[in-house]
Amino acid sequence: MNLLDRIDQRLDDTRYRLQQSDFEDCAAALIGHDYPGLVPVTGGTDHGLDAEFVRPNGQVLGLIITSSRTWEGAKKSLRGSLESARDHNKRVDQVVAANLAEVNRQKRIQLTAIAHEFRCELIQVYDRPWFAKAFRDEPDWRRKILHIEGGAFSLSRSPRGARPDEHQLPTVGRDELLDRAENSGQDLILGGVPGAGKSHVAGRLPGALFLEPNTAPGRLLDDLLTAKPTLVVVDDAGGRTDDMGHLLHARHAENLKFRVAVTCWPHEMESVADHLPNALDLEVDLVTVEEIGTLLRERGIPQTSSSSKAPGKPYGPDKRSGTRSGRSFAGPKHHLRPSSCSQPLPLSGTPTRIKPAPSRSYSNSAPRSSRS
């Protein structure tokens, strides 16, 4: 069992009691990385807020934390804390909610409505998936809150750096690509420019587990034999030739049956293909304007006319032609998407004015016919 699964199992165990005060300290410290200047409020004097931050314009941002693992507990905490703040004439202009419940888009909208009842804006929700990833990456807090030791666990359900709400993001226009990848029976090479959605596609494949960087070969073999994966993903494989080599050696040495999927940039596909000579090449293109609209609507965000691209055209940098196996790929590694596309969608359901970010798109995909 990988580390994230062990963390989820502990959080699902209703017999395991979490200490509210310890979790409040933990949440305030972890969320403080996103909000420098956030000051914890000592117990007994918080009047509904567990931490607060006064912005330069005088607005007060309040943090409300509960260790409840149920949706009802999360709602009750937010409403009760805002009522307490109101009753004590405590100013709260914006609020951040932290809890251990599973909070999807519709539930975030409900929390936003509760905040509006008290004339404040809910700007962020940190829920169970976010804390699960934080506990994976923060061993001191993991041991204190969950009493789980880490160890060099080499397989994870999501890549490092993934959005906390990645599992909730919709998948738009990928049916053909996913169907081909699932049914090919081959190793896979997913190529595309940054932001096209390669990791998202890989994570949507059934049974996908991501290989952690720089895993010792012995530890990797033990985890492969224990987890018995059907698909192992090497994310950003262009710079991880050693990890790919260890993975493929373990598969061959132990006659294991899992497939390998790798993601890389277009100009890296040729070198990555040298390690996977029989893999299927699949190109993940940039998202189109229409698909941006679908993604925004799925997140509860009204679409704005932020692009002059014609309908159906990719949203992002113009491609520079470069051929491989008779197909056209985007230009060199340093051609990044423009800054206007780089802002992530907000975690809350609040209709914030943002610039849309490319999530995915793809066009043609073709197997490799031959290599020199």
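**Helices and aromatic rings in a predicted model**

Helix α6 is followed by His147, and the phi of His147 is positive, near 55°.

First, the chain as a whole. The protein chain has 372 residues, and buried residues make up 51% of them. Its secondary structure comes to 12 helices and 14 strands. If we take the contacts with a separation of 6 or more, 77% of them are between residues 24 or more positions apart.

Back to α6, which spans residues 139–146. Which of its residues are buried? They are Trp141, Arg142, Ile145 and Leu146. Looking down the axis of α6, these buried residues fall within an arc of 105°, so they line one face of the helix. The elements that cover them include α1, residues 3–12, along with α2 and α5.

Let me take α5 next. The axes of α5 and α6 come within 5 Å and cross at roughly 115°. That makes α5 roughly perpendicular to α6. On the α5 side, the contact is made by Phe135, Arg136 and Asp137. On the α6 side, the contact uses Pro139, Trp141, Arg142, Ile145 and Leu146.

Helix α5 also holds Arg128. Is Arg128 buried or exposed? Its relative accessibility is 7%, so Arg128 counts as buried. Leaving aside residues up to four places away in sequence, Arg128 touches Leu11, Asp12, Arg69, Asn99, Leu100, Ala101 and Glu102.

Now the aromatic rings. The structure holds four aromatic pairs. In one of them, Phe23 and Phe131, the ring centres are 5.0 Å apart and the planes are at 55°, so this pair is tilted. Phe23 belongs to helix α2, residues 20–31, and Phe131 to helix α5, residues 128–137, so the pair ties together parts that are 108 residues apart in sequence. Phe23 has 0% relative accessibility and counts as buried. Phe131 is buried as well, with a relative accessible area of 0%.

Phe131 also pairs with Trp130. Here the centres are again 5.0 Å apart, but the planes stand at 85°, so the pair is edge-to-face. Trp130 counts as buried, at 13% relative accessibility. What cluster do these rings belong to? Phe23, Trp130 and Phe131 form one aromatic cluster together with Tyr126 and Phe135. Phe135 has come up already, as one of the α5 residues in the contact with α6.

Arg10 lies over the face of Tyr16, at 4.9 Å from the ring centre.

Last, a helix elsewhere in the chain: α9, residues 217–227. Its buried residues are Leu220, Asp223 and Leu224. Around the axis they cover an arc of only 100°, which puts them on the same side of α9. Among the elements covering them are the strands β6, residues 155–156, β8, residues 208–211, and β9, residues 231–234. Helix α10, residues 241–253, is also part of that cover. Just after α9 comes Lys228, with a positive phi of about 50°.

To recap, the buried residues of α6 line one face of that helix, and those of α9 are on the same side of theirs. That is where I stop.

Definitions and conventions
Residues numbered from 1 in each chain as written. Predicted model: local features only at pLDDT ≥ 70, side-chain atom pairs only at ≥ 80, totals over all residues. Heavy atoms only, no water. Phe/Tyr/Trp six-rings, centres within 6.5 Å; stacked < 30°, edge-to-face > 60°. Helix = DSSP H or I, 4+ residues; strand = E, 2+ residues; numbered from the N terminus. Buried < 20%, exposed > 50% of the residue type's maximum accessible area, 1.4 Å probe, protein only. Lys NZ or Arg CZ within 6 Å of the ring centre and 35° of its normal. Arc of directions from axis to C-beta. Contact = heavy atoms within 4.5 Å. Axes fitted to C-alpha atoms, helices over the stretch in contact; angles between N-to-C directions. Parallel < 35°, antiparallel > 145°, perpendicular 65-115°, else oblique.
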